[in-house]
Amino acid sequence: MPNEDTPIEQSFDPATPAGWESLRALGHDMLDDMLRFLEDLDNQPVWQAMPDDVAVEFDKPVPMAGIGQRETYDRFRNYVLPYHNGNLHPRFFGWVRGNGTPYAMLAEMLSAGLNAHLGGFSNAPPKVEQQVVNWFADLFGLHGASGLFVTGGTMANTLGIAVARFANADSRGYDIRSFGLQSWPATSSPPPMVFYGSSETHNWAVKAAEWLGLGRRAFRAVRCNSDYQMDIARLESRIASDRAEGLQPFCIIGTAGTVNTGSSDDLEALADLAKREKLWFHVDGAFGALLSLSPSLRHIVKGMERADSIGFDLHKWGSMPFECGCVLIRDPEMHRRTFATPAEYLEGTTRGVAAGGAYFAERGLDLTRGFKALKVWMSLQADGVDKLAHIINQNVHQVQHLVSLIESSDRVEMLAPAPINIACFRYLAPGLDAGSLNAFNAELLLRLQERGIAVPSSTHLNGIFALRVAHVNHRSRTEDIDTMFNAIIDIGKELEAEAFAYGSPAA
Ligand SMILES: *Cc1c(COP(=O)(O)O)cnc(C)c1O
């Protein structure tokens, strides 16, 4: 016999009004704690290492019996919250990671509460997603484009290349969806398909080449000029020589905002070339596409509006919580034909719940999809696009301020042009050879991070180790840039005083 306290039919909902009341109280505490935490970020270290006695918590086995919600929330507060990534902090400038916003956090809660399935249908949630897609298609000049929210820029860009690959094969009468890139009996093997981007293209392109069955050699990385933009003459001759060898070029990738230095390809020239060569023009605008929202910066990405497809993120410069990327495809029918895979259990209707069918599932790989667009829909309405453009301008100005500090310093030097929101530089300790300077700067970066002062990341430019500030942080003020710069000088001097032998492995 089931006893009264453990009824045989259970649910994850509270079982009584009192149970709902205590969940409500817990929810209010969570909200208060999190908002207080965000309000107080300035007084906290950017990042702190996790002590061993906390780390052991993450080795514990799965509990078969629950310990309760309040108890578990305490574990979050003690073991998770203090040891975050750092990327929400005003002095976090590493990689290209957004902060998220408190308002979008609340929208995420609503989205999880509603738990809408975004495979398609024509209820309000898919209308929200379609509206946000339309907004960005209009903002970027791809009016009427199809689109899909995905986890991030890697997926968004990869889907763009998948459509490009399908469209090219289709235009040659080759049924790539039936045969893939393989040679089946009684089919002739298609010529190897290749696509192009600059050597500064983000590594998603290599992943895409592998995953789409093209192989990484199908991605042709074209050398850059001294401004880290694709050398267009080189691209043109590479396409010609590939064609002469019997390869099948199908796509050119232009990058709006490269990850290393923030350079942007000459998208206008690439659009012209793609048109001349009858190639698909894809723009990776992971963060840089949003430059087009700013009247004073949009000239940098001129030509993007001519793209056949654009991949971009809102979880970087759009300040949305992860995961929030989006792909736009100019030709909606080509988009659908690349992925649509009919199934009896997914048939649409003209009325009822399934009205409209699973049309989002026909634009990519996922069937079950979460409600990623709600936070964007709410944030853009609450704040307006102008505010987002303001933050983007602000970040560019703050990085240009850093550049001017560096240029007037005799201890720090720029290592690449910094046209927008990314700056690559190093500390110049006198008397050190190239290898030692690399090690010196690597140590400087680690001390800066481990002391919780500020978090830039790093890269290598022509073999030189660079401190890299990639700034998409809506929380930073100019004084945060100053604090970081002063700390770099102080730690640099400290290391000089230690006269540490950075080049030698014995050190
Ligand atoms: C971050 C980035 C990507 C990858 O996007 P994710 O959202 O991290 O998957 C692609 N291209 C560029 C230029 C990027 O900065």
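## Helices α6 and α8

In this predicted model, Thr-154, Asn-157, Thr-158 and Ile-161 of helix α6 are in contact with Trp-204, Ala-208 and Trp-211 of helix α8. Sorted by class, the residues of this contact comprise four nonpolar and three polar ones, with no charged residue taking part.

Helix α6 covers residues 153-171, and helix α8 covers residues 204-211. Their axes come within 9 Å and cross at roughly 50°, which means that α6 is oblique to α8. The crossing in which α6 passes α8 is right-handed.

## Helices α4 and α12

The crossing of α4 past α12 is right-handed.

On the α4 side the contact is made by Tyr-103, Ala-104, Ala-107, Glu-108, Leu-110 and Ser-111, while α12 contributes Leu-374, Lys-375, Met-378, Ser-379 and Ala-382. Taken by class, the residues of this contact are seven nonpolar, two polar and two charged.

## The largest pocket

The largest pocket holds about 480 Å³ of space. It is lined by 22 residues, and those closest to its centre are Met-34, Asn-87, Leu-88, Asn-99 and Pro-321. The lining divides into 12 nonpolar, eight polar and two charged residues.

The volume of the second largest pocket is about 400 Å³. Its lining consists of 24 residues, of which Val-96, His-202, Val-259, Asp-313 and Lys-316 lie nearest the centre. By class, this lining has eight nonpolar, 10 polar and six charged residues.

Helix α6, which meets α8 through residues including Thr-154 and Ile-161, also provides the largest share of the lining of the second largest pocket, namely three residues.

Terms used: Residues are numbered from 1 along each chain as its sequence is written. This is a predicted model: local features need pLDDT of at least 70, side-chain atom pairs count only at pLDDT 80 or more; totals for chains, interfaces and linings use all residues. Side-chain values use heavy atoms; hydrogens and water are left out. On a 1 Å grid over the protein atoms alone, a cavity is a set of points where a 1.4 Å probe fits but cannot get out, and a pocket is an open set with protein on both sides within 12 Å along at least five of seven lines; lining residues have an atom within 4 Å of a point. Grid points are joined across faces, edges and corners, and a volume is the space filled by probe spheres set on the points. Ala, Val, Leu, Ile, Met, Phe, Trp, Tyr, Cys and Pro count as nonpolar, Asp, Glu, Lys and Arg as charged, and the others, Gly among them, as polar. Helices (H or I, at least four residues) and strands (E, at least two) are DSSP runs, numbered from the N terminus. Axes are lines fitted to C-alpha atoms, for helices over the stretch in contact, and angles run from 0 to 180 degrees between N-to-C directions. Angles under 35 degrees count as roughly parallel, over 145 as roughly antiparallel, 65 to 115 as roughly perpendicular and the rest as oblique. A crossing is left-handed if the near helix is turned anticlockwise from the far one by less than a right angle, and right-handed if clockwise. Contact means heavy atoms within 4.5 Å.
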